[in-house]
Each structure stands twice: as structure tokens, then as C-alpha cells.
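Have the model open as you read.

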Amino acid sequence: MSASTLYIPKTEETPEVCFDPEKGLYSIRGRSLPENAFQFYQPILDWVKIFAPHIQSAFVLELELDYFNSSSGRFLYELLSHLESNAKAKNYVTIRWFCEAEDELMLEKGEELSQLLDLQFEIHRTS
Amino acid sequence: MQERDMVMFYKGDFSQKSMLPMLDIVEYNVGSGVSAGSMGRKAGHVLIELLQNVSKHSTLHGPEEKQGIFVIGRKGSRIYIECGNLVSTAERVFLEEKLEFLKGLSGEELREMHKAAMKASLKFESKHKSGLGLIEIAKASSEPIEFLFQTHGPDLHFFGVHVIL
């Protein structure tokens, strides 16, 4: 399966998105506060929908968000659900959630997402 | 201002463009002087949800003119956020119903409600009003959300909300 790289640079209100199958690097980093989260997450969801059924080996998605609004949370959940609902891919998928050691809010949000999903979900607290 | 121990007061445009640069200021101002390191971020998060959820309902003046006021201050060891703007009758009905319902829920019930709303959101169209933002605000509050409406015209109401973190 050859999938093209999806790269969206970060802005003041949206995170950097890097899905690079060639290098095997998948990450979303920064803040996600768009008023129209659907518009921002649509291309990412489309990419994941096409790519997820073809995951044949370890797929690690790193999420390092310092803020995200409720509508972004909804689409992040949808994105992870696509990875989860693909039975073949599920065993290979790991979500790495990074949050600052003192950031209780992002820790809680990571825990909430992990409880909603049947995926390997690691929470890493950075200093 | 000292009497109410205000940290910030803002009156003006509530659009995303105006509010985003304010986030870092809120985080810094609220974060300094309180022991809990993540309080500034929590305040910023709740403020964004308030503005995006509340100002989302403020369609009266068109998208380019979302006016409102907010106040952030300290109440003992806690932080309070007050926010106000004008809404239409339909928006008032939606907000009143959601907030009144959330007011009666415990922390645990709010967490369960959040989970259920997240799951349900996958089944709805992207533009469906899930009320997720309001649930998140209620979840982040240490006390039930207080709110009021004042009628200013047939389809014009002032909506005020008071949240204690």
C-alpha cells in the first residue's frame, strides 16, 4: 500500500499534522482550537479512512496537544475510532499521548479518550 | 476591580481572531499567583469553550461582530470566569435547557454524560449541536454553572454565565 504523505503546517489555531508512511512517522502537535473543526479534520479523517485498512505493521500515532477545543476532541475521537474499528489494524496501533507533567487538564483528556477506545494507549508526561 | 479581585476584564469583539492572542495572556495572568500550575491552562480552556460556545450562539450582529464581555478573577484559592453577550430567543432556549440540565449533575454524572455525548457525536452530522462544549465547561467547574438571561427585546436577550474553577 502506498499512501502519500499528509503534512499540514501549524497555525495559531491548528496543530501541525504529519502522517508520513515512508518514514513511518505519524503525529499531531500543537493547539487545536479551530471554530470549524470539521473543515480542519476532514482531510485527516479521509486520509486515515483510506490508510487504516492497510496497516500491516506497527503504527504509532503521537499526539502532543497543549490545548484543544471540544469540537476538535470530537474529531480526534472519530479519527482514533477509525483506527480502532479496523480489526486488522487494531493490534498494530499504538497511541502515544504526550502532556506536560503539570498539565492536569490534558492528562485528563488523554485518559478520557483512552477509556473510550479499545486501543493501546500510552500516556507520557513530559517535564 | 480590587474588591472583586479581578485579574482581567475585557469588553469587545469575541471573534476567534481577537481571542486567540488573549489565550497566552490569560494563561500567564491566571497562572501567576496560584499554587496549582495548570490553573492558567484550565482557565484558558474554559474561556475558549465559553467564547466558542457562547459566541457561536451570538448570531445577532453577524459573524464579524461578536461583541461581549468577560471577567476573570480570583475568589479565595479559586478562579472565576464571567462571560456575557447577546443571544436570540432560539439560542436562549437551547442554552437554558442544556445548562439547567447540567446544573443538576454530579461530577461523576458529568463524566459519564461526556462519554455518552462523545460516542453519540460519531452518529451525528458534523454540524449537530451536541452540547459537548457546555458539558466540558461544567466538568471543569468546581461548582454548578450559574447563569442568567435578561430580555432586551422580542428576540434579544443578554446571557450571562459565571463559572468557578
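## Ground rules

Ala, Val, Leu, Ile, Met, Phe, Trp, Tyr, Cys and Pro count as nonpolar, Asp, Glu, Lys and Arg as charged, and the others, Gly among them, as polar.

This is a predicted model, where local features need pLDDT of at least 70, side-chain atom pairs count only at pLDDT 80 or more, and totals for chains, interfaces and linings use all residues. Residues are numbered from 1 along each chain as its sequence is written, chains are lettered from A and ligands numbered from 1 in the order in which they are written, and side-chain values use heavy atoms, leaving out hydrogens and water.

## The second largest pocket

The second largest pocket holds about 310 Å³ of space. Of its 23 lining residues, the closest to the centre are Glu136(B), Ala138(B), Lys139(B), Ala140(B) and Ser141(B). A pocket here is an open set of points on a 1 Å grid over the protein atoms alone where a 1.4 Å probe fits, with protein on both sides within 12 Å along at least five of seven lines; lining residues have an atom within 4 Å of a point. Its volume is the space filled by probe spheres set on the points, which are joined across faces, edges and corners.

By class, the lining has nine nonpolar, five polar and nine charged residues.

## Helices α4(A) and α4(B)

The axes of α4(A) and α4(B) come within 11 Å and cross at roughly 60° (axes are lines fitted to C-alpha atoms, for helices over the stretch in contact, and angles run from 0 to 180 degrees between N-to-C directions). Helices are DSSP runs (H or I, at least four residues), numbered from the N terminus.

In α4(A), Glu112(A), Leu113(A), Gln115(A) and Leu116(A) meet His114(B), Lys115(B), Met118(B) and Lys119(B) of α4(B), where contact means heavy atoms within 4.5 Å. That contact divides into three nonpolar, two polar and three charged residues.

## Helices α1(A) and α2(A)

Within chain A, α1 (residues 37-51) and α2 (residues 70-85) pack at about 5°, their axes 10 Å apart. They are therefore roughly parallel to each other. Their contact has ten nonpolar, three polar and two charged residues.

How values were computed: Helices (H or I, at least four residues) and strands (E, at least two) are DSSP runs, numbered from the N terminus. Angles under 35 degrees count as roughly parallel, over 145 as roughly antiparallel, 65 to 115 as roughly perpendicular and the rest as oblique.
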